[in-house]
Amino acid sequence: MRCGFNLLLALLLVHCNIKNTSQNIFDPTTFAGGTAAVLSTLVSQDQVEINSRYYPTDYPSFVKTEILDLDLNRPVAIHFAKNHFRISENYKDDLVLRDVFPLSENKIRVLFSVSSRSEWRDPISIFIQKPDSMDNFSFSGKVLEFKFPYPRYIGNISEAKGQMTTIPLLDGRILLVGGVSIFGNTLPTVEIFNPELGTSTVLPSLSKSLTGMAICSDPKGNVYVSGGKTTRVDPSADSQINDRIYRINGNNQTVIELPIPMQRRRVGHTMLCLSNGDLLISGGQFRVGSDENAISNDHEYISIQNGTSTLLDSSANFPVNTVFHFAAYDENKQRVLFFGGKDRLAVYALYSKFIYSLDLNSKSFNTLPAVLPTSRSNVTSISVSGGDRLILGGVTGSGVGSRSIESWTEEGSITKTHGFTSRIKNGSSIVPFSNSQVLYTGGVDTYYKSGILELYDHIEKKNFIVDTMMNARSEHSAIQTTKGIVIFGDSALDDTRVELYGKD
């Protein structure tokens, strides 16, 4: 009976009446094509699947490269050609299909010509039909849809300001602490911005007006901020450097100054919230001066439960005094990784190109066997898919911004340079866009504020200018949310509006 049923279905396929003989019977956009596709899947179990490397959160950078590679689960790439592909009507004149050819038995390359790259707001669809020659496999057609992000305003923060300390909360809202007003004075403001509603809620203020604080959040959702300074410019008195730690809870909207001051005043330091609820504070400037003696090389352990502060043994110290470094908490290995930094504020400072590791169990400090191509401070480090960690942005000697895009792979101690951003942008905010893509926002482009949005794609190993912001910004914040990248702030821009670079 089963053989007879399959034979009947095959006969139905052969005798299916298609009025337009030039039309592929497996075209998923037609009733006949859809029916033929369903019947085919009943006859054959060898279903062909076509997939793009892009996830819904990715920026579809094939528009910039003019190349889209597709993966097939069967060795049938040779059957696909240009005539099996079609671009949706809304972009048929902007994204022109040039050629389709196999890269291997299981991979297709699609080549485009892009006549227009601006104002791509609507989704684009690519329709794929079944080749007539592919009669040994079932393929019901495929529609690939890609959405492009675009900038727009979604709400306001409480006041015009920049140089804020910010962090995303567990529920998706964004905490803003301190900063510098457009008049040049530091601020004590604490507020929470809700990107879903576009609204801001002001919490009780800090006991001091501050900028340049370190920030982290614990597993319970408490946020801690420490250190910072009370002046926008370099401190002229030690008292302008803060030694206080605050705990902020977004749910009950409390701001509490802990009864545990740091043993050193610190700015330009790092702070991590550990899995046990304690804090690790490292490096930073602790007194006035541009020489190395004003910079710390130690680590301070804050026990929240016991209410104590302890300097780690000197064997755990940095090899040199360190300020404006980047710290990453590796919870699985119970260690902290440190990237970049410099040993003083003067222009002739020693900049770091080493990666350090602090073991939180043994409190041992090690220099890892990897040397980064560029020595710099103020870097951003982001983990991406594939086991690589990117090292981006920052400042090199004489205060010049770095364009270098580098990566470190711990297995094999491999460091690489993957190219450069289009321009030098001091103070650019660098934030993950997806698992393999990173977005650069704004900054100072040589002498002028930049409104450029650049995207680095670690799978393509390429960097692209993808859009422009609603406002040129420096001294601003960019935060990844479920809606996209939220961008706000600038200490010289009299504008409280919040931008969103997202898809929906």
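**View 1. Surface and dimensions of the predicted model.** The protein exposes about 22300 Å², of which carbon and sulfur atoms supply 50%; accessible areas come from the Shrake-Rupley method with a 1.4 Å probe, and for residues only the protein chains shown count as cover. This is a predicted model, in which local features need pLDDT of at least 70 and side-chain atom pairs count only at pLDDT 80 or more, while totals for chains, interfaces and linings use all residues. Residues are numbered from 1 along each chain as its sequence is written, and side-chain values use heavy atoms, with hydrogens and water left out. Along its principal axes, the C-alpha trace spans about 90 × 50 × 45 Å.

**View 2. Secondary structure and burial.** The protein contains three helices and 40 strands (DSSP runs numbered from the N terminus: helices H or I of at least four residues, strands E of at least two). Of the 504 residues, 53% are buried (under 20% relative accessible area, with exposed over 50% and partly exposed in between; 1.4 Å probe, protein chains only).

**View 3. Leu368 and its contacts.** Leu368 lies in strand 26, which covers residues 365-371. Leu368 counts as buried because its relative accessibility is 15%. Leaving aside residues up to four places away in sequence, Leu368 touches Leu337, Ile355, Ser357 and Trp408 (contact: heavy atoms within 4.5 Å).

**View 4. Leu368 and Ser398.** These residues are 30 apart along the chain, and 27 Å separates the C-alpha atoms of Leu368 and Ser398.
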